[in-house]
Amino acid sequence: RRELPGHVRLSVDTFHAPVARAALEVGADLINDTTGLSDPQMAATVAETGASLVITHSLAQPRRPYAHPRYEDVVQEVRAFLADRLDRALAAGIPRERIVLDPGPDLNKNTEQTLEMLRDWHEYASLGLPLLAALSRKDFVGESLGLPKQDRLEGSLAAAAWTIRHGARILRVHDVRATVR
């Protein structure tokens, strides 16, 4: 893998193994699969190319709405999903140190379910891998505070701080400067 100046890492969001392969062949370092390995070839593709992988919890089929998400225990069901997909990635040959997990707040989850996930965020950290928290401007922030997307900075920062305190190691944000501060 070639190193870019300043140790810049390039991430590509895709759930298609052929797209991932093409992106990795031209210099991407990380594949962010927001469908939790819905493509059966994704893990093998990432393993073969030596890239890293973000595995996100998602119940819906790619690009299909999931109108009324139901869980008996959202925290444990998301954890079990991530553990299963982690096992698939490891079995395909991706080393643990190249895998990141994303519980997927707001992705196929309503506000109450997402808040339950945040409350027990440490459950995902117990899987022993870096966690990505994509919380910026999410619906749960807006619904909790009664705010439109453009006014959700403070709520996004509070949620980010909470997840970092409970095990998140990577943040996906809109307001980079404010988040770094």
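This is a short talk on one chain and one of its residues, Asp102.

Good morning, everyone. A caution to begin: the model is predicted.

Let's take the whole chain. How many helices and strands does the chain have? Eight helices and six strands. Going along the sequence, they come in the order β-α-β-α-β-α-β-α-α-β-α-α-β-α. The radius of gyration is 16 Å, close to the 16 Å from the globule rule for 181 residues, so the chain is as compact as a globular protein of that length. Its C-alpha atoms fill a box of roughly 45 × 40 × 30 Å along the principal axes.

Now burial and surface. Of the 181 residues, 44% count as buried. The accessible surface is about 9,700 Å². Carbon and sulfur atoms hold 53% of that surface.

Next, contacts along the sequence. Take the contacts between residues at least 6 apart. Of these, 61% join residues at least 24 apart.

On to our residue. Where does Asp102 sit? Asp102 is in strand β4, which covers residues 99-102.

Asp102 does have a polar partner. Its side chain makes a polar contact of 3.4 Å with the side chain of Thr56.

And the wider surroundings? Set aside neighbours within four places in sequence.

Notes. Residues numbered from 1 in each chain as written. Predicted model: local features only at pLDDT ≥ 70, side-chain atom pairs only at ≥ 80, totals over all residues. Heavy atoms only, no water. Helix = DSSP H or I, 4+ residues; strand = E, 2+ residues; numbered from the N terminus. Polar contact = N/O pair within 3.5 Å; in protein donor to acceptor, adjacent residues only side chain to side chain. Contact = heavy atoms within 4.5 Å. Rg over C-alpha atoms; globule rule 2.2 N^0.38 Å. Buried < 20%, exposed > 50% of the residue type's maximum accessible area, 1.4 Å probe, protein only. Areas by Shrake-Rupley, 256 points an atom, 1.4 Å probe, with all protein chains shown as cover.
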